[in-house]
Amino acid sequence: VVRYEHAEDATNNTFRAVRVLDADRDLKYVEFTSSEADWNFTAPPQEYELFDLSTDPYELINLYAAADPSLLGRLHAEVVRLYRCRGQEGCDSPF
């Protein structure tokens, strides 16, 4: 199923993602890029997705455009932190 342009235009489906699952939320946040042009995630992502899996388990409604910017900033920071994480020390999620 092709929902967004990245699945058609990218040379592959390179992404990094984080899921927030706690008593209040069940969120999935994804950043897509092309591994040929940006294999180490130094450029801004080409596509973003944010889904509330508690109300949209089939991931049909991308909430990214309407989401609170502070939430998006925290999610992006968490993805970056986990991407750069090495070993166990400092890799626990503070989210």
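Me: Phe15 to start with: what's its relative accessible area, and how does that class it?
Reply: This is a predicted model, and in it Phe15 comes out at 46% relative accessible area. That makes Phe15 partly exposed, because the class runs between the 20% and 50% cut-offs.

Me: How many aromatic pairs are there in the whole structure?
Reply: The search turns up 2. In one of them, Phe15 and Phe32 have ring centres 5.8 Å apart and planes at 50°, so the pair is tilted.

Me: Where do Phe15 and Phe32 sit in the chain?
Reply: Phe15 is in strand β1 (residues 14-21) and Phe32 in strand β2 (residues 26-33). They are 17 residues apart, and the pair links distant parts of the chain.

Me: And Phe32, buried or exposed?
Reply: Phe32 counts as buried, since its relative accessibility is 8% and the cut-off for buried is under 20%.

Me: OK, Tyr48 and Tyr64 now. What's the geometry there?
Reply: They make a stacked aromatic pair, with 4.5 Å centre to centre and 10° between the planes. Tyr48 belongs to strand β3 (residues 47-52), while Tyr64 is in the loop between β3 and α3 (69-84), 16 residues apart.

Me: What's the relative accessibility of Tyr48?
Reply: Tyr48 is at 23%, which counts as partly exposed. Tyr64 is also partly exposed, at 23%.

Me: Switching topic: which ring does Arg16 lie over?
Reply: The ring of Tyr83. Arg16 lies over its face, 5.0 Å from the ring centre.

Note on methods. Residues numbered from 1 in each chain as written. Predicted model: local features only at pLDDT ≥ 70, side-chain atom pairs only at ≥ 80, totals over all residues. Heavy atoms only, no water. Phe/Tyr/Trp six-rings, centres within 6.5 Å; stacked < 30°, edge-to-face > 60°. Helix = DSSP H or I, 4+ residues; strand = E, 2+ residues; numbered from the N terminus. Buried < 20%, exposed > 50% of the residue type's maximum accessible area, 1.4 Å probe, protein only. Lys NZ or Arg CZ within 6 Å of the ring centre and 35° of its normal.
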